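Subject: Structure handover

Hello,

I am passing on the structure we spoke about.

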Amino acid sequence: MPLTSANIVDERQDRLRDVFPEAFREGKIDFERLRQALGEEIDAGHERYGLSRAGKADAIRAIQIPSIGTLKPAPEESINFDTTGNLFIEGDNLEVLKLLQKAYHARVKMIYIDPPYNTGKEFIYNDNYRDALGDYLRRTGQSDAEGVRLTTNAETEGRYHSRWLNMMCPRLFLARNLLSQDGAIFVSIDDHEVQDLRLLMDEIFGGENFVATVIWEKVFAPKNTARLFSEDHDFVLVYARHLESWEPRLMPRSAAAEARYKNLDKDPRGPWTSSDLTARNYYSQGQFEVLSPSGKVFRPTRGTYWRFKKSKFLELDTDNRIWWGETGENMPRLKRYLLEVKRGVVPQTLWRYKDVGHTQEAKKELLKYVPFEKTANVLNSVKPPRLIRRMLQIATSVDTEDVVLDFFGGSGSTAQAVLQQNAEDGGNRRFIVVQFPEPLPEPEKGLATIFDMARMRASNVIRELREAADSRQAELDMESSDKAPRDLGFRSYSLAESNFRIWDSEAVPTDAEGLARQLELYAENVLPGKSRQEILYELVLKSGFPLHVPIEERKVESSTVYWIDGGSLVICLEDRVTRELLRAIVELKPHRVLCLDHAFGENDQLKTNSVLEMKGQQIVFQTV
């Protein structure tokens, strides 16, 4: 079984080959044949509308390099590790997104990211595409290096916009792969890059999948110290994976909106409100006189017209759908019934701070759940959870286990938003939050990095929600399962080197003696000092299963095997396997079986027989 992340190039070529087999010759794409298959619709010219920039080819190449890392579980830093579906992942998000490709492909319902704005200040995502994992381990002090190195992206550098866009490009591409067909992505951005980001997202998601540009009013008072303009807003770009498959959920009506519906005439159809019956658009049949119940005559004012022709008007009046006022002598208005309107409000593109929060509220929320010792560590660029909860209301469902991804996790606002929204509406959304372990300006006890901050914040939110649920239970004398949110926990993982020696074809010696030494080294491919749990979760992830998949330990022939997802996969990590053990595994009737290759020693006959026997039982057998 391959121990790298999914090979994006191979997968895309396979999909293309499936649709256009005639466009391939000797394993390569024949672009002339592809053009013919598409009816000459390929634009062969060089000048076209798009976003060109320095370093674009390298950024695209970064997508094509599989990751050789893994995600190391940390149960001791988790809450309800064995049962929760929420994930905190510490690491470089480019590598992490690659590792999530197999297990979470098309499974994420909503993505929200608040990437570092391109302000010319410190810039931590400085990709080394050739040795991304090694560079990450050195930068975080996990191998020979001096910890995280920050760089700057000064506006005087000539590639100011290009560097930022090249950082975003591969991450957005990989993120799109994770979105479900009816999923959507929300991206916070300011004036510096909004126009370039729009072009980049058109390129990756397709301009036809653009949904809206939301304006978020981020402050509640103008900044009089601003030299030119007080910047009172940020943007949120919204794209669907496939616009034809995505539909925003209606927002709940406010109490004030509900209060507008009354039943002044005791209409059996229930509460209603009224709207103007005239319009300014010319309508040839909209000029006529009407007689009110009081005998008063009305006609549209100059320059306006009734919205309906006379026969339709009379039909509505007969059906008691025209309101003439309490005394029957007012200008007629059309009654609109609460039961006939949508069950909510269509989302708007202007989000006021009173509805979704502002930056000062965001900082107060952070301080509420993270007890900082030093002021220098309090982040300034956090987003209020209410802002993200608005997105959750629009793009996720209460009734399904929707996955919400944030790969620029920051202080954990998204995790808090998911937990609180679930508590409010009874939903069962799950979050995946990825954050680089960027050191805080001044170390604190139990709080060294921004990742630590996010995890601490979620822990305290969970404690608060649990206490509130327990309090309701005591007050109402009900089972906690009836009222408590379903998932109050998270699993913690960190990006690490693989637990296996992974064959590097580019580093293979050319001489026979060197090749023999290399082969001998890889005969025992499990690295020393690796725990069973670490190996298990790497194999689960790279076999295409999500990290919260149910795992059950079973005793078979005095050995321990791992029963994954109800028998979809059985993993055996024994250093030696016997015919009896393998036959006992077959009797369990799993779909797939995975063993360590060195467990067979030099017994190739046992391996061959096992392959044939399992194939006869329609079981896929693999080794690593």
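This is a predicted model: local features need pLDDT of at least 70, side-chain atom pairs count only at pLDDT 80 or more; totals for chains, interfaces and linings use all residues.

Residues are numbered from 1 along each chain as its sequence is written, and side-chain values use heavy atoms, with hydrogens and water left out.

Helix packing

Helices (H or I, at least four residues) and strands (E, at least two) are DSSP runs, numbered from the N terminus. Helix 7 (residues 160–178) packs against helix 8 (residues 194–206) at an angle of about 35°, and their axes are 10 Å apart. Here axes are lines fitted to C-alpha atoms, for helices over the stretch in contact, and angles run from 0 to 180 degrees between N-to-C directions. Contact means heavy atoms within 4.5 Å. On the helix 7 side the contact residues include Trp-164, Leu-165 and Phe-173, and on the helix 8 side they include Leu-197, Leu-200 and Phe-205.

Helix 7 is also among the elements that cover the buried residues of helix 3, as are helix 1 (8–19) and helix 4 (93–99). Those buried residues of helix 3 (residues 56–64) are Ala-59, Ala-62 and Ile-63. Buried means under 20% relative accessible area, exposed over 50%, and partly exposed in between (1.4 Å probe, protein chains only).

Salt bridges

A salt bridge is a side-chain nitrogen of Lys or Arg within 4 Å of a carboxyl oxygen of Asp or Glu. By this rule there are 36 salt bridges.

One of them joins Glu-77 and Arg-455, whose closest N and O atoms are 3.0 Å apart. The pair links distant parts of the chain, 378 residues apart: Glu-77 is in the loop between strand 3 (69–73) and strand 4 (87–90), and Arg-455 is in helix 15 (residues 450–476). Glu-77 is partly exposed at 38% relative accessibility, whereas Arg-455 is buried at 13%.

Arg-171 and Asp-92 form another salt bridge, at 3.3 Å from N to O. Arg-171 is buried, with a relative accessible area of 0%, and Asp-92 is buried at 4%.

Regards
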